[in-house]
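These are my notebook entries on a structure that I am reading for the first time.

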Amino acid sequence: MPELRSQGGFVLKNWLAAGLVRLGKRKAQIARDWACIDRRVVPARGRDKLYNDSFVFQGSGKEGNMFMSRLAFRGPSEPKEVWVFVDQQGRKFTNPKPLVGQDVPAQGEIAAGGLSFQWQGGDDSWRIRYLGELLDDEGRRVDADIDLVYRPRSAMYLSSQHMDCRSTGKAMAEMPWRRGYFRKLSSERQVRMEQGGILAGEMRLGKKTQTVELAAFRDHSWGRRDWSFLNRYIWNILALDEPLYQDGHAFDYLCYTTVDYGSSFRHLTAGWIAGPEKVLPIVATSDMHQLASDGQVPKRYQVAFQPAGGQFWQGEIRRPGPDQAWFMQDGGFEVNEAACTFAFSSPAGHRLTGRGMSEFGFQRSPGSGAS
């Protein structure tokens with residue numbers, strides 16, 4: 001069994017840090033976060049250009065198809081981030097303009113650059129629509145009409161409620177608590193919700209129309225995000241072929257996340273497993289700094305993790321499809337993602353397989369160590 005992180009500091013520091021995390025999980029704040037899940041969240045400070053309100057819908061199919069879409073809103077004078085990525089059996093399509101306009105969308109509207117997300121109401125479904133051009137992997141322009149509906153299939157993860165106090169506390173305890181450390185943590189507060197589901201509908205690329213049904217994920221995060229503040233992260237959102245059973249509950253979706261937040265967290269674990277009735281945090285993972293530390297994204301890599309109250313799992317994630325890279329903050333931070341498959345096993349010999357999306361983020365600024 002490989003060594004899992006976070007290891008924490010000395011016992012008293014671990015205990016103090018976990019207590020501080022519990023104090024931060026205020027019921028009133030969690031209730032306010034739940035109220036924000038399905039709508040735009042404007043920055044409290046009005047014109048903070050580093051504020052980020054981001055929506056993602058992603059899906060992957062067994063036949064090798066993948067769809068990823070993201071809309072991110074910052075301050076009123078900042079460009080909107082628009083990402084559309086289609087992997088159609090190894091052929092890649094992307095939108096030509098990942099940054100669009102400085103116009104302010106209509107109040108409450110989640111739309112820019114031909115991409116729109118519309119909440120459908122009572123059943124928590126969403127309509128995802130893209131009308132515009134895409135570029136194929138040879139640079140040719142293709143007219144696209146993508147019309148999909150997302151429907152949830154799992155319980156929802158909300159970071160402010162479901163993050164594990166002990167593992168987050170250990171990540172804090174690994175850091176030096178110098179003057180201003182906790183003030184910085186508070187100023188950089190971010191909230192994230194994630195949920196597994198199904199994306200179904202039609203994608204027309206040029207003259208070809210395809211009906212798809214994809215194992216999917218929805219993500220909404222908000223708060224101050226400075227890409228230059230992040231050193232690196234690994235984000236895997238994975239749908240299981242067969243459920244993981246734990247304590248009488250079935251879990252169909254898995255999120256494996258590790259983040260190096262520089263001077264705030266050297267190694268933060270923030271993933272989860274979820275099924276129709278329950279969501280549990282992942283409390284330990286293999287050391288992210290042993291993976292792709294040279295800034296090169298591997299086509300296959302080993303990971304290990306443990307859900308709260310559950311057994312240890314380890315295995316391999318493969319990225320057989322084409323990579324798609326975006327560069328943020330004047331090229332200072334790279335986001336690189338691709339469709340993936342995975343196979344994990346437990347010491348008892350149980351296996352988990354499935355598919356999803358693998359995303360790596362690297363700091364590319366001078367002196368970052370990534371290349």
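Before the first entry I note that helices (H or I, at least four residues) and strands (E, at least two) are DSSP runs, numbered from the N terminus. The model is predicted, so I keep in mind that local features need pLDDT of at least 70 and that side-chain atom pairs count only at pLDDT 80 or more, while totals for chains, interfaces and linings use all residues. Residues are numbered from 1 along each chain as its sequence is written, and side-chain values use heavy atoms, with hydrogens and water left out.

**Entry on Ser125**

I looked up Ser125 and found it in the loop between E8 and strand E9 (126–136). Is Ser125 buried or exposed? For this I use relative accessible area, where buried means under 20%, exposed over 50% and partly exposed in between (1.4 Å probe, protein chains only). Ser125 counts as buried because its relative accessibility is 3%.

I then listed its contacts, a contact being heavy atoms within 4.5 Å. Apart from residues up to four places away in sequence, Ser125 touches Gln118, Trp119, Gln120, Val149, Tyr150, Arg151 and Pro152. The C-alpha atoms of Ser125 and Arg151 are separated by 4.6 Å, although the two residues are 26 apart along the chain.

I also noted a polar contact of 2.8 Å between the side chains of Ser125 and Asp123. A polar contact is a pair of N or O atoms within 3.5 Å; within protein, one must be able to donate a hydrogen and the other to accept it, and residues adjacent in sequence count only if both atoms are side-chain atoms.

**Entry on Glu316 and Lys62**

Glu316 lies in strand E20 (residues 313–318), whereas Lys62 lies in the loop between strand E2 (51–60) and strand E3 (65–73). Glu316 is buried, because its relative accessibility is 16%, and Lys62 is exposed, because its value is 67%.

What do the polar contacts of the Glu316 side chain join it to? I found one of 3.1 Å to the side chain of Arg300 and one of 3.2 Å to that of Gln302. Leaving aside neighbours within four places in sequence, the residues in contact with Glu316 also include Thr341, Phe342, Ala343 and Phe344. With the corresponding neighbours not counted, Lys62 touches Asp241 and Arg355.

**Entry on aromatic rings**

I pair the rings of Phe, Tyr and Trp (its six-membered ring) if their centres lie within 6.5 Å; planes under 30 degrees apart count as stacked, over 60 as edge-to-face and the rest as tilted. By this rule I count 17 aromatic pairs. One of them is Phe57 with Phe117, edge-to-face at 4.8 Å centre to centre and with 65° between the planes. This pair links distant parts of the chain, since Phe57 is in strand E2 and Phe117 in strand E8 (residues 115–119), 60 residues apart.

**Entry on the nonpolar cores**

A nonpolar core is a set of buried Ala, Val, Leu, Ile, Met, Phe, Trp, Tyr and Cys residues joined through side-chain atoms within 4.5 Å. Which residues of the largest core touch the most other members? Of its 41 residues, they are Met68, Tyr233, Phe265 and Trp272. Beyond its neighbours within four places in sequence, Met68 is in contact with residues including Phe57, Trp83, Phe85, Trp326 and Met357. A second, separate core of 29 residues includes Val82, Leu115, Leu134 and Leu205.

**Entry on helix H4**

Helix H4 (residues 165–173) is mostly covered, with seven of its nine residues buried. Among them are Cys165, Gly169 and Met172, and the buried residues pack against helix H1 (11–24), helix H5 (181–187), strand E16 (268–269) and strand E18 (279–286). The N-terminal end of H4 is capped by Asp164, which has a side-chain oxygen 3.3 Å from the backbone nitrogen of Arg166.

**Entry on cysteines**

I searched the whole structure for disulfides, pairs of cysteine sulfur atoms within 2.5 Å, and found zero.
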